[in-house]
There are 2 protein chains.
Amino acid sequence: MSILKLEILTRVAFAPFGDVIETEGRESYPINKGTTQRFHDLASVQIADAQGRAGISLARGNAFNYPLSITMLERHPLGSQAWIPCNQTPFVAIVAPNGPNDTPDESGLRAFYVQGNQGVNYHRGTWHHPLMTLGQQGDFIVVDRVGEGENCDEHELSKSYVVDGSYAGSQMVQA
Amino acid sequence: MSILKLEILTRVAFAPFGDVIETEGRESYPINKGTTQRFHDLASVQIADAQGRAGISLARGNAFNYPLSITMLERHPLGSQAWIPCNQTPFVAIVAPNGPNDTPDESGLRAFYVQGNQGVNYHRGTWHHPLMTLGQQGDFIVVDRVGEGENCDEHELSKSYVVDGSYAGSQMVQA
């Protein structure tokens, strides 16, 4: 068993794995005669194949509580996948770079604390753990590839990893 | 000046104009070993041209209060456009079918009350009014076409229309 230290989610830190969808600290411009501010194109929807198209789904995730333990990752080879809270529920995004054997490079595993006012968009093919909402059930908007064809690879890790939730921002949802 | 009666937003009523994004009364299936329920493919992202792609943006809309008056509609000829609340803010979706002169058919104007746990996806080319959030500022996830090219037609209506907010579900946000 190894420990993954929970990190603050920032655009720069997450860039190798995907996009951060947030308003905080991001540029915007007025639309609709100034009645709305648009934070434009925070995430790009990637669709790799002609059979696929982008779809919008909702997902309701069970509550997880610390200690969080993981033993597998998955990836979607044919498209990106975005997760954005509908009701301000924080969650944990665990990712890893691809390794030389086309499996997750476990030495590069990272765990990010996603605040309830943030979302993530995993780039196409990024190894990541399935949804783990923190402390309460959460509803999420999911934007990903829809269509025929196999779009999920799963990989069992060499051992289990436990997320260290001691990062201050996550204290509020400690079990 | 004419009155538009505010209607309850249902999938069937809205079908000529777009998709309703919601969990209530919709089918779902378990994913992630049963820890998440997925309400799959509630809305399809339409992109008409090779220069365009689907992007995810956020938008912060000012609070509107009754009486709501409108004098124009717009449409996006190159793609669909989805609006989904991040923080449960209700809004009004006003739409019209296209008429014989390729302008909105004002006799078919409809105003829908979108609950805070619903979203809409305007089909490509659907005439609609810009965002009007009700009673409070609201943040929304927007999924639409991103890219070069002109993707917004605006049309001034022949007169102004006022939304009748007497539908029971909207009483809570009456100004």
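This is a predicted model: local features need pLDDT of at least 70, side-chain atom pairs count only at pLDDT 80 or more; totals for chains, interfaces and linings use all residues.
Residues are numbered from 1 along each chain as its sequence is written, chains are lettered from A and ligands numbered from 1 in the order in which they are written, and side-chain values use heavy atoms, with hydrogens and water left out.

The side chain of Asp41(B) meets that of Arg53(A) in a salt bridge, at 2.5 Å from N to O (a salt bridge is a side-chain nitrogen of Lys or Arg within 4 Å of a carboxyl oxygen of Asp or Glu). This pair crosses between chains, with Arg53(A) in strand 5 of chain A and Asp41(B) in strand 4 (residues 36-44) of chain B; helices (H or I, at least four residues) and strands (E, at least two) are DSSP runs, numbered from the N terminus. Arg53(A) is likewise partly exposed, at 32% relative accessibility.

The contact between the chains was then examined. Chain A contributes 44 residues and chain B 44 residues, contact meaning heavy atoms within 4.5 Å. About 3,500 Å² is buried between chain A and chain B, and carbon and sulfur atoms give 54% of this area (buried area is the accessible area, with a 1.4 Å probe, that two parts lose on being put together, summed over both). Of the area that chain A buries against chain B, 20% comes from Ile56(A), Leu58(A) and Arg60(A), more than from any other three residues.

Between chain A and chain B there are 4 salt bridges. In one formed by Arg38(A) and Asp144(B), the closest N and O atoms are 2.8 Å apart. On the side of chain A that touches chain B, at least two residues come from each of strand 4 (36-44), strand 5 (53-61), strand 8 (81-85) and strand 14 (138-146) of chain A. Strand 4 of chain A pairs with strand 5 (residues 53-61) of chain B in the antiparallel sense over 6 bridges, two strands being paired if DSSP finds at least two bridges between them. Within this pairing, Gln37(A) has Arg60(B) as its bridge partner.

Over all chains, the structure holds 16 salt bridges. Arg75(A) forms one with Asp153(A), with the closest N and O atoms 2.9 Å apart. Arg75(A) lies in strand 7 (residues 68-75) and Asp153(A) in strand 15 (residues 153-164) of chain A, 78 residues apart. Arg75(A) is buried at 12% relative accessibility, whereas Asp153(A) is partly exposed at 25%. A network of salt bridges links Arg75(A), Asp102(A) and Asp153(A).

In chain B, the side chains of Asp102(B) and Arg75(B) meet in a salt bridge of 3.0 Å, N to O. Asp102(B) is in the loop between strand 9 (91-96) and strand 10 (110-114), and Arg75(B) is in strand 7 (residues 68-75), 27 residues away. Asp102(B) is partly exposed at 41% relative accessibility, and Arg75(B) is buried at 12%.

Methods: Buried means under 20% relative accessible area, exposed over 50%, partly exposed in between (1.4 Å probe, protein chains only).
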